[in-house]
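Reader: I would like a close look at the aromatic rings in this model. Please take me through them one by one, with their surroundings.

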Amino acid sequence: MFVQLLFVYIAGIFFAYYLPSLIVQHVCAAITSLLFLGLLVLNMGYRKLKVYHLKVYWGPLLYLLIFFTAAWTYLIQVQHLQTNHFSKQQAEFLKVIVDDEPQLKGDLLRFKASITHTYQDHNSLASIGKMLVTIPIQGTSVNTITYGEVLILPASYKTVNPPQNPGEFDYRNWLANHQVYHQLYVPPQKVFRLKHFAGHPLKVYAINLRKQQVAFFKKTLQHPEAFAVASTLILGYRADLSKETLAAYSATGTIHALSVSGMHVGMIYIVLHALLQFMNKSRLLKISRTLLIIGLIWFYAMLTGFSPSVLRSAFMLSTFIIGKTINRQSNSYNTMAFSAVALLIYQPLLLFDLGFQLSFLSVFGLIYLQPLLYHLIYFKALWADKLWNYTALSIAAQLTTFPLSVYYFHQFPVLFLFSNLFILLPVTLMMYIGLLMLLAKLEFLAPVLEYLINMMNTGLTWIAALPYATISSIWLQPHELILLLLLVIFGLRSFIKAQKYSLFFALCAWLCLQSSLSVKQLQARKQFKTIVFKLYKHHAVAYIQGQHALLYTDLEPESATYQYSIKPGLDLHHVTSLQIKNAPSDLKKINHL
């Protein structure tokens, strides 16, 4: 039931996403009201009005109600469409609330802020909306700004710029999916801090609690990289990991280990479920055990500062635990769909969040595909059976998520299975040892944790350096992503169900995908292009002939700007041979044209 509702609800959100306007919002609200009242009247007068012969239409009407409810719910939560959005009001100053924990990177302090009022000529108007605020700290006290503070800022904001170079990450679209369409760069002397506080007390406590745990790791772990990995993996703290470490995790398909999510919450659940097995003797004890496990899972979520990925995973797992407690025969697909619908009702924009998409795709893989793969091979030895169980789990999660992963990250880790098996034991031990250190303040365990982290980092770096460990520079168009998804869906169905028509559709999808990729390769071999990159304080021009390129730039290939703004554009144009020369003196003129 909930699976069907989920698909209808998603269709309603997509409808509103591609038709965003106040007119559509009002139309959806009117249709929703009429459908709701109609179904209510029909239900109340089921016998009196003798409408039971029309019950065949009740299902479609209910689906229409859900469809337009989803569209209306999405549109009322898109703040920039509303008339009281701050960008639609004349303003000299803005009253804002710091919406999350500020992040200090170098000399810049960044945070998202929610606007509550605009001020113009001593008049104030209530407002809504969010924006990204950047403040250069320059040794001032603004680096002490915390979540929940109320500030007065000048209204000199600007819209977020689209990508300036081909292949560059679309930061504007990413911010838009978080309701942020404007940014403000403000000097510290123009920031006025009020004495009011508007943060949620529980979130304040969670953020402060995580700060204490991060400080404990910083004190006990000597190696900076070990501290960064431990803080990221166990607490979800966005520490400054080196680019070499991030590259190793990304190239080996283990980057999920550095994002506190379902895997980490699942590890907590496994231990709690085993330790509290004795509370399985009566229904009252089972309910008490369920409540205790859910409470401890949410305590861990609080320990991580209530990061969005942990909140999503904690809610999903709580739903599964409650479903299994109430009914042992509960349908896992319905439980998963209920979790998704509930989250989308709360925040429809989650549908366009990559973490949300990958989370539910991986869970679907674990529910549907993992048992089928596991039962293909039988091992008598317990250790071999456990190893194969995890192997099937890793393959299932990778198969269901790799189309989106390839589309967004432009690479495929060939050795993902070997890498995930390698980190299985270290990550498990790191999670349990790290939490034991934090909860009991056992500083003597720090060398053990540090050794495990360094061993895992070294191993993954070695795996990433192996020949053909990663297929990179994969750039798919939206239609190619759809073809890849169809290939995976029908390919799996033909393998599991032995259906001929599924195999036929899988082959058709593969042929269409290969044709599209081949056409792009042929076009790349005949291309003649000049790309003038738009860079801040730097210069670059690429002359492309076929799959060869001559690049004039003053940047080193290892620099962050080169990797972020130049390399994606070269990969997008299928450049396989690159010659880099120092930028000539007159190149500045070209870049400023």
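Author: What follows is a walk through the aromatic pairs, then a ring with a charge over it, and then a helix.

The model is predicted. A pair of aromatic rings is described by the distance of the centres and the angle of the planes. The count here comes to 23 aromatic pairs.

Start with Phe15 and Phe67. Their rings form a tilted pair, 5.4 Å centre to centre, with 45° between the planes. The label follows from the angle: planes under 30 degrees apart count as stacked, over 60 as edge-to-face, and the rest as tilted. Phe15 lies in helix α1, residues 2-18. Phe67 lies in helix α3, residues 58-77. The pair therefore ties together parts that are 52 residues apart in sequence. Phe67 counts as buried, at 19% relative accessibility. The cut-off matters here, because buried means under 20%.

Now take Phe86 and Tyr157. This aromatic pair is edge-to-face, 5.0 Å centre to centre, with 80° between the planes. The pair links distant parts of the chain, 71 residues apart. Phe86 sits in the loop between α3 and β1 (93-98). Tyr157 sits in the loop between β6 (149-154) and β7 (158-159). Both Phe86 and Tyr157 are buried.

His182 touches both rings of that pair's residues' neighbourhood: its contacts include Phe86 and Tyr157. His182 is found in strand β8, residues 180-185. His182 is buried, with a relative accessible area of 9%. Other residues that His182 touches include His85, Ser87, Met131 and Leu132. Lys158, Thr159 and Val160 are also among its contacts.

Rings also gather in a group. Phe14, Tyr17, Tyr18, Tyr74 and Phe352 form one aromatic cluster.

The charged end of Lys441 sits over the ring of Phe216, 4.6 Å from the ring's centre.

Last, a helix. Helix α8 covers residues 262-275, which makes 14 residues. From its first C-alpha to its last, α8 reaches 20 Å. That is close to the 20 Å expected at 1.5 Å a residue. The buried residues of α8 are His264, Val265, Gly266, Met267, Ile268 and Leu272. What do these buried residues pack against? Their partners are α6 (224-235), α9 (283-303), α10 (308-326) and α14 (416-440).

Definitions and conventions: Residues are numbered from 1 along each chain as its sequence is written. This is a predicted model: local features need pLDDT of at least 70, side-chain atom pairs count only at pLDDT 80 or more; totals for chains, interfaces and linings use all residues. Side-chain values use heavy atoms; hydrogens and water are left out. Rings of Phe, Tyr and Trp (its six-membered ring) pair if their centres lie within 6.5 Å; planes under 30 degrees apart count as stacked, over 60 as edge-to-face and the rest as tilted. Helices (H or I, at least four residues) and strands (E, at least two) are DSSP runs, numbered from the N terminus. Buried means under 20% relative accessible area, exposed over 50%, partly exposed in between (1.4 Å probe, protein chains only). A charge sits over a ring if NZ of Lys or CZ of Arg is within 6 Å of the ring centre and within 35 degrees of the ring normal. The expected span of a helix is 1.5 Å times one less than its number of residues. Contact means heavy atoms within 4.5 Å. Lists of a residue's contacts leave out its neighbours within four places in sequence.
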